[in-house]
Amino acid sequence: MEKTSMARTVWLTFDDGPNPLKTPVVLKCLKDNNIKATFFMVGNLAELHKSTAEAVAKAGHLIGNHTYTHRVLEGLPEAQIKEEISKADVPLSKLSTYKKWFRPPTGALDATVRKVAADLGFGIYKWNVDTKDYDSKDPDKWIPLGISEIKAQSSAAVVLNHDIYEATANHLQQFIDEIRKLPNTTFGAPSSLPVINTIAGGAEV
Ligand SMILES: [Zn+2]
């Protein structure tokens, strides 16, 4: 499909789950809207809430690695970074739609994290739209913030949300409705999720 310079594609991503109460709400909303997303799961939660993790895969969403305990990896020794990613890889590898896609907790990265991820065969997938749903936990804040950040992206918008908060799960429909009102904007298939390997907002520091 030919793209004009005005066409914008939005990818929804959900971090920090799976959560047995909130993730199913997100899954139902995505199904109602015929949207596929990517879920960056925390390994120990995927073990603990195995059936929820499996439901994400069964619904056809892609799954990535968000470490085993959601530890911020920047500044850690190589062995600990490797353990966090590798240990999460064990339960996540059992999920049929798992990809070797890594998203660092909080987005914090250094050269060692990049090296370990590459050595283990992972691409790094960050975001360029941060709804800060984790911060406000208020749909009257995270939805307008997300929409204004999507508008700031002219072509590819990778949206960070979290499928662990009620304020995200219960108001996702409203967010999707607002995205659909944007001109020349469509949802992208998770298989074409763009690699974003910089600090959130796009400014590498
Ligand atoms: Zn996270």
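Ser 86 lies in helix α4 (residues 78-92), helices (H or I, at least four residues) being DSSP runs numbered from the N terminus. The model is predicted, so that local features need pLDDT of at least 70 and side-chain atom pairs count only at pLDDT 80 or more, while totals for chains, interfaces and linings use all residues. Residues are numbered from 1 along each chain as its sequence is written, and side-chain values use heavy atoms, with hydrogens and water left out.

With a relative accessible area of 28%, Ser 86 is partly exposed (buried is under 20%, exposed over 50%, partly exposed in between; 1.4 Å probe, protein chains only). Its C-alpha atom is separated by 9.4 Å from that of Gly 43, 43 residues apart along the chain.

Helix α1 (residues 23-32) packs with helix α3 (residues 50-58) at an angle of about 10°, their axes 10 Å apart. The two helices are therefore roughly parallel (angles under 35 degrees). Thr 23, Pro 24 and Leu 27 of α1 and Thr 52, Ala 55 and Val 56 of α3 make the contact (heavy atoms within 4.5 Å). Of these residues, four are nonpolar, two polar and none charged.

Technical notes:
Axes are lines fitted to C-alpha atoms, for helices over the stretch in contact, and angles run from 0 to 180 degrees between N-to-C directions. Angles under 35 degrees count as roughly parallel, over 145 as roughly antiparallel, 65 to 115 as roughly perpendicular and the rest as oblique. Ala, Val, Leu, Ile, Met, Phe, Trp, Tyr, Cys and Pro count as nonpolar, Asp, Glu, Lys and Arg as charged, and the others, Gly among them, as polar.
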